[in-house]
Protein chains: 4
Amino acid sequence: MLLEELRKTVCAQNIALVDNGLVLWTSGNVSARDPETNYVVIKPSGVLFDQLTPEKMVVVDLYGKVVDGDLKPSVDTASHLYVYRHRDDVHGIVHTHSPYATSFAITGEPLHIYTTTSAAVFGGTIPISDFAIIGEEEIGQEIVEKIGNSEAILIRSHGIFTIGKTSEKALKTSVILEETAQSVHYAMLRTKVEPLPEDVVEQGYRVYNDTYGQKKTTI
Amino acid sequence: MLLEELRKTVCAQNIALVDNGLVLWTSGNVSARDPETNYVVIKPSGVLFDQLTPEKMVVVDLYGKVVDGDLKPSVDTASHLYVYRHRDDVHGIVHTHSPYATSFAITGEPLHIYTTTSAAVFGGTIPISDFAIIGEEEIGQEIVEKIGNSEAILIRSHGIFTIGKTSEKALKTSVILEETAQSVHYAMLRTKVEPLPEDVVEQGYRVYNDTYGQKKTTI
Amino acid sequence: MLLEELRKTVCAQNIALVDNGLVLWTSGNVSARDPETNYVVIKPSGVLFDQLTPEKMVVVDLYGKVVDGDLKPSVDTASHLYVYRHRDDVHGIVHTHSPYATSFAITGEPLHIYTTTSAAVFGGTIPISDFAIIGEEEIGQEIVEKIGNSEAILIRSHGIFTIGKTSEKALKTSVILEETAQSVHYAMLRTKVEPLPEDVVEQGYRVYNDTYGQKKTTI
Amino acid sequence: MLLEELRKTVCAQNIALVDNGLVLWTSGNVSARDPETNYVVIKPSGVLFDQLTPEKMVVVDLYGKVVDGDLKPSVDTASHLYVYRHRDDVHGIVHTHSPYATSFAITGEPLHIYTTTSAAVFGGTIPISDFAIIGEEEIGQEIVEKIGNSEAILIRSHGIFTIGKTSEKALKTSVILEETAQSVHYAMLRTKVEPLPEDVVEQGYRVYNDTYGQKKTTI
């Protein structure tokens, strides 16, 4: 029952990646972990976003065994699962190659905080992983090792991952990450910019997480 | 009755922020002040733009008391209200993080006038505020102190606010501001550009406000 | 009868400006001249593109007298009419502030030919006008004086105009102009680029105009 | 029968060029070769993408004779056919002027591999052709001569071509090519970047082609 709901949610959130300009064709994926069963719902591999349906979502256990679904899960599944196994607090993961954020993953620059919005959402510099090969759990290992308290990480020469208490939270973080990277990129092209001071970032993060939205969140 | 109309208008204008490429996810907001009651209609906090309905708009008085509506108003409400209390001529306010204009807010450059369109709409350099924390009325104070005769202001390390005789006017100003920032950004990357002379800007502003549109406006 | 058709065409082409990413809000306009009556159909002033209907189009004679329509014609009407009066071969005119092309209008760089597509469509460097004030026919004078054999011109510190045997042709030219300006802008940011040699441009123009599309054109 | 299906497929894939932001107006085209008859289905010349229907697709033999269809085929047909005649493995070809990739075609830079995604899809540097005139088969000759093992090539001062075992594969390649060029362009503007080492690229290509999607592919 709950899994049926989660299939719908994850399907809609994968499609939202397109609507928010973060993905093209079949690249990128959203997954969510069901808090009760620990099963993970994830996008099938290589299926076009406009052909996704809740039924096509794949349900796997934490070790990659397909529990339900006719299709093969995303090629990034092992990395998602590695993160879920090592981070009990994470129930949603998003992966994209959104172009502005990915350009920082290409240059190897961590993305510092230049705006009140990114202070509020990220609370500190977005870290960058070392290079990791695709297809197995190496990316998951890099995420767990390097992400720290952040909810976003740049994957060296690849793209971005965001994690969250829910997949909706991780999706929001991935949208704001690209928006932030875009503005900061433009600013950097015109002049040398200085990140916001650390105490300003921390205060912005605290205020925002105490006041924003319709219910208090304590992330 | 009028408030019902204003809810519909403000809801549609919040959605128009998305259609004009100025906002993503839940960031950004439009408010309008009812000239009769002085009540302000504003976007609820943290609600996705595609889930907005007129009923979800929040009605507050000039001091932030919720007069009507089940949701919590935008986290920027105190700043909107500060502006309304100090500027009787303002009946609409728009706030976005539109990426090109925000890049000027990041670098701290005021946005000078390089085109006849921005001369016509802005009438002079778009000022930039000092840094202000989010969540209370500090941003509103910066706006009132620094915006002068302008209908747009860059908020340092944050985004933009536009004000207007109506919320439609403020919305238009926010669209033209981003369009202007975009072209000027491209031009600046290729070569050093000089703003238009002040007298040319003033003449362009005067001509436009005497002739454009279906009714004479005297803003 | 024909005028009714022309209203529909001009309305659809104004809306196509939005669909092709060339305009926002109310800026920009398409007009067409009826070959029989010499009447000109043009967008009304300050009306949002998504509210345009064939009935809202304004019909004027070559000297600006409104022949049919309840609304005031575009603020650029006098300039359109100046061009029609001085160029018998022109039956369609498009004006936009499309951002990449406008950035060349801001810097004052004529847009040279770097690709086979722009060779085919433009046949030579796209000229740039001197600065002209808005609201009267000064822009039209600049166009007639500076456009030469070109079907496109950059208007200094303003935007672009394209002219054509038909308004559809002028619309196409405005789309290709922005696409060209975009690619050339990116190339210029990375390295110094050299325009195509003049003979290559001329040959590309000739071949294309002899072979492209479903009917031979002899423009 | 099969040709009817292929008309529908090729029509939908031409329209997908628009949906993926690769083309505007009438520029760009997709073709596919029917494995049984060797007939090629291609976009008609100069028809707007939103007016394409399966019936408007043109069927030609490998030497350009129209086998079925009322319209004239794309001006690029001779180049498509040259490739099909010289590459038995190719059953789909896509041509666009997508702006970021085209900017590399303008500067004459081959596009090196900076990300795991482009390693996986391209397997090595995307080559660039010499300049070729449009309208005959010269572009096809350049493709066959310069593309080597790649499935994508930059056409000097023009745009891009991708080839594939199917037209869907070529379409995917054209989408990823533009996405890659976009991120790499941004990265290059901020700092000097180094391509991935060749062995990393090769390994990424191998892993991806062994594991991605719903069926093993052995391209």
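Q: Before any interface numbers, what does buried area mean?
A: Buried area is the accessible area (1.4 Å probe) that two parts lose on being put together, summed over both.

Q: What kind of model is this?
A: This is a predicted model, where local features need pLDDT of at least 70, side-chain atom pairs count only at pLDDT 80 or more, and totals for chains, interfaces and linings use all residues. Residues are numbered from 1 along each chain as its sequence is written, chains are lettered from A and ligands numbered from 1 in the order in which they are written, and side-chain values use heavy atoms, leaving out hydrogens and water.

Q: OK, chains A and B. How much area do they bury?
A: About 2700 Å² between them. Carbon and sulfur atoms carry 63% of that.

Q: How many salt bridges between chain A and chain B?
A: The count is 1. The rule wants a side-chain nitrogen of Lys or Arg within 4 Å of a carboxyl oxygen of Asp or Glu.

Q: Which residue does Arg190(A) pair with?
A: Glu109(B). The closest N and O atoms of that salt bridge are 2.8 Å apart. Arg190(A) is also one of the three residues that supply 25% of chain A's buried area.

Q: How many residue pairs are in polar contact between chain A and chain B?
A: 8 residue pairs, both residues at pLDDT 80 or more. A polar contact is a pair of N or O atoms within 3.5 Å; within protein, one must be able to donate a hydrogen and the other to accept it, and residues adjacent in sequence count only if both atoms are side-chain atoms.

Q: Now chain D against chain A. How much area do they bury?
A: About 2700 Å², with 63% of it on carbon and sulfur atoms. 30 residues of chain D are in contact with 31 residues of chain A.

Q: Which residue of chain D forms a salt bridge with Glu109(A)?
A: Arg190(D), with the closest N and O atoms 2.8 Å apart. The count between chain D and chain A is 1 salt bridge. Polar contacts across that interface come to 8 residue pairs, both at pLDDT 80 or more.

Q: Which helices of chain D each supply at least two residues to the side touching chain A?
A: α4 (116-122), α6 (167-190) and α7 (198-211) of chain D. α6(D) gives the most, with 13 residues. By class, that side has 15 nonpolar, 11 polar and 4 charged residues.

Q: Switching topic. How many salt bridges over all chains?
A: The structure holds 40.

Q: Where do Arg85(C) and Glu137(C) lie?
A: They meet in a salt bridge at 3.3 Å, N to O. Arg85(C) lies in helix α2 (residues 77-86) of chain C and Glu137(C) in the loop between α4 (116-122) and α5 (138-146), so the pair ties together parts 52 residues apart in sequence.

Q: Which network does Glu4(A) belong to?
A: Salt bridges that share partners join Glu4(A), Arg7(A) and Asp68(A) into one network. Arg7(A) and Glu4(A) meet at 3.6 Å, N to O. They sit 3 residues apart in helix α1 (residues 2-19) of chain A, so about one helical turn separates them.

Q: Is Arg7(A) buried or exposed?
A: Buried, at 6% relative accessibility. Glu4(A) is partly exposed, at 44%. Buried means under 20% relative accessible area, exposed over 50%, partly exposed in between (1.4 Å probe, protein chains only).

Q: What does UniProt annotate on chain A?
A: The unreviewed entry gives "domain: Class II aldolase/adducin N-terminal" for residues 8-185. Over residues 8-185, chain A is 37% helix and 16% strand. The end C-alpha atoms are 35 Å apart.

Definitions and conventions. UniProt positions renumbered as here; feature names shortened; annotations may be inferred. Helix = DSSP H or I, 4+ residues; strand = E, 2+ residues; numbered from the N terminus. Contact = heavy atoms within 4.5 Å. Nonpolar A, V, L, I, M, F, W, Y, C, P; charged D, E, K, R; others polar.
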